[in-house]
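Please look over the model below before reading on. My notes are set out as numbered points.

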Amino acid sequence: MTTLWKPEILDPANVSDAARIKELMSDSVQLVDHGPALQDEIGKCLPDVKEVSYRIVYYPWRNLALRLPEAGAFHGIRENRNRLKIDDHAAELIHAARVGIVGLSTGYAIAIAMVSLGFQRFRLADFDALELTNLNRIPASLMDIGLNKCVSAARRMAEINPYCDIEIYQDGVNPDNCTDFVAGLDQLIEVCDSFSIKVALRETCRTARVPVIMNTSDRCMLDVERYDQEPERALFHGLAGDLNVATLSNMGADERVGLALRIIVADNVSTGLGASLFEIDRTLQTWPQLSSDVTSGAGAVVDIARHIAVGLPVASGRSFGQSYLDLVQPEPDYASFPSAPPRDTNCATGDLKRDMIAAAKLAPSGGNAQRWHFEWQDNQLELAVSDGVQVAMDIDQRGSLVAVGAAWMNARALAASRRSLGDARLSSGDRALVELGDGDGGLPNYLAEFIPRRMTNRRHLEARGLSVEDIAALKNAAWAEGGELVLFEGEARNSYANFLARAERLRFLSPQLHDDLARELVWPGEEPVRQGLDVRTLELSPPDLEKVKLAMRPDIMAALRERNLGAALGDPVKDAFAAAGLGFVITIEGEGQEAYMRGGAALQRVWLEATCRRLWAQPWSPCFLYAQTGDEAASLMPEELKVEARALHEEWVETVGLGARKAVLSLRMGYGAPPTAVSMRE
Ligand SMILES: Cc1cc2nc3c(=O)[nH]c(=O)nc-3n(C[C@H](O)[C@H](O)[C@H](O)COP(=O)(O)O)c2cc1C
């Protein structure tokens, strides 16, 4: 088996690479310097790059070396024209996605189109060698006849982009290596001939929650099976009943053929394919595929793969011809959703002092506790934490100070929008002050408009990542108030949610935290609900609300605690973060009460900016969010959970990279439909 399908990438600035280049040159390898030919494009595509560094890329199967820009510059030039169709963030997701392709006939055309589009990480499988009969449809070359198809494809791919990361399975996929092949894939493109391998791959992908795309190269029939989103989904859309590897192994050859026909649905096949099926192994070597079908099918597959890679909504289903675009669901028009119910607090009466207080009240607060006090002293508004019931999580009133800081931000933003803002500062104690004046304190005018529109949205949101522009704007909003965002995107978002799930279990199993939570919730019938968490704002289905009722029972929690069980208590946070664009933590530097108030201002500025960008957020933090030490975290727990709380707190400090910084709040955020219920204010 040949191993010659990976180019060698050599950095002339590296001593051992330089020696290797010298060796190649003395071995009569031809060197072509693409530097001069690329100068013009470099100038146009990378105007900010002063000097591009180069690599020598040696293609052993061609006995040729090229001098090419290093990976970053190479991609910047090669994908330059895509940028308004595929923005930088989407391009990163496409670069990062690992795609498996099984069957390198149709798969050959797909692989080439994928590399051209920008996909870079591949796993290819085919045991077959290239034959002349393959060249009726696949973009290989006469030079490669006799070569394994994966090797031939990998070489062509490397000749388009040498920085691709390609693994190949020259023995093809079989029941023994199927799991290995699928492990770590983000998508599988299944275009092989073997029915049993098709079934085995689907079963493995369903377990591993990997989406499968199949193209049948007849009338451009394309199938999408979103096992990542539907882990219970029947294989082949259920067209073969409850099929799996075990049931298939008990079937005879005729039964299998019948089943395969049921899956492709005999009525759907073109006349040419239908007639050919009677001639296979007689006058035809195998079933027919035209270059036009394979090429247009490849385009459809890559387009679907691109949508899935960037997190755009694609449904499971089957399509023909260009109708594959029907599977790409249009972006939901959120404007057409019923908007959230109106706020009960009006901050636009025109009476500045009243409106500033109303704006301050519209700030978020943990459990909607509104532990704050706002008072005008002449032309100065004073905001502070009020007396009232304190919950255990609110260690040293840190959460209440965050809420006061958010209220302070709102009052400033409202005064700024009317050019009536004077001095605004935080005292070193627990007071926040806003004086009236005639300026805007450098605050953007538009923030105030979003004060009543900002609200906690606990609905499931889109899993699509945030655009780079949105992320940059949120970071800037945090910085403007001295805060910083620690982002958890993609896989990191899921690991972060798994961490939160473990902390969530502790929240339910700690009697004092559980008691606080139960007192926070306001159930229908307990009106008026001007304070506390109206359960309608939890956006839960009736069965899930029943689960909440069970989880609110101290006896049930005690039973779980005694047996060291209850991992399922963390499931809702995992589901919620899976249904969000990202998770993030806001952190702040500094000490004492002032730091938490400043953190609250950063939180609110980020949240207002997000609202303006049609992004929704829901805070969801570990129960020891405001513990600065392991001891403080342990103080929230009963004896048997103290060790676990300390360990989780340590993990939290490390995961967020807190160091001396303070955690302000942890949230999930994403695009989606408005909430159906809103919180009220006293
Ligand atoms: C410090 C703090 C902690 C919060 N923690 C949570 C939380 O763990 N889960 C949640 O769903 N909402 C949380 N929230 C959101 C509040 O419940 C919400 O702000 C409050 O109910 C008012 O609703 P609104 O944000 O829609 O105005 C938190 C808010 C703050 C300021």
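1. Basis. This is a predicted model, in which local features need pLDDT of at least 70 and side-chain atom pairs count only at pLDDT 80 or more, while totals for chains, interfaces and linings use all residues. Residues are numbered from 1 along each chain as its sequence is written, and side-chain values use heavy atoms, with hydrogens and water left out.

2. Overall chain. The protein chain has 23 helices and 21 strands; helices (H or I, at least four residues) and strands (E, at least two) are DSSP runs, numbered from the N terminus. The C-alpha trace spans about 95 × 60 × 50 Å along its principal axes. Of the 682 residues in the chain, 54% are buried. Buried means under 20% relative accessible area, exposed over 50%, and partly exposed in between, with a 1.4 Å probe and protein chains only.

3. Ligand shell. There are 18 residues around the ligand, and those that come nearest are Arg-454, Thr-456, Arg-458, Ser-679 and Arg-681. A residue counts as near if one of its heavy atoms lies within 4 Å of the molecule. By class the shell has seven nonpolar, seven polar and four charged residues. Here Ala, Val, Leu, Ile, Met, Phe, Trp, Tyr, Cys and Pro count as nonpolar, Asp, Glu, Lys and Arg as charged, and the others, Gly among them, as polar.

4. Ligand distances. An N or O atom in the side chain of Arg-454 is 2.8 Å from an oxygen atom of the ligand. For Thr-456, the distance from a side-chain N or O atom to a ligand oxygen is 2.6 Å. For Arg-681, a side-chain N or O atom also lies 2.6 Å from an oxygen atom of the ligand. On its own the ligand has 620 Å² of accessible area, and the protein covers 91% of this; accessible areas come from the Shrake-Rupley method with a 1.4 Å probe.

5. Helix α15. Asp-470, Ile-471, Ala-473, Leu-474, Ala-477 and Ala-478 are buried in α15. These residues are on the same side of α15 because they cover an arc of only 165 degrees around the axis, taken from the directions from the helix axis to the C-beta atoms.

6. Positive phi. Ser-28 is not a glycine, yet has a positive phi of about 60 degrees. Ser-28 sits in the loop between α1 (15-26) and β2 (30-33) and is exposed, with a relative accessible area of 56%. Arg-419 also has a positive phi, near 45 degrees, in a residue other than glycine; Arg-419 is in the loop between α14 (398-417) and β14 (421-426).

7. Two further loop residues. Pro-364, in the loop between α13 (352-361) and β12 (372-377), is buried, with a relative accessible area of 13%. Glu-232, in the loop between β10 (222-225) and α9 (245-249), is exposed, with a relative accessible area of 74%. Glu-232 and Thr-207 are 25 residues apart in sequence and 9.1 Å apart in space, C-alpha to C-alpha.

Conventions. A polar contact is a pair of N or O atoms within 3.5 Å; within protein, one must be able to donate a hydrogen and the other to accept it, and residues adjacent in sequence count only if both atoms are side-chain atoms.
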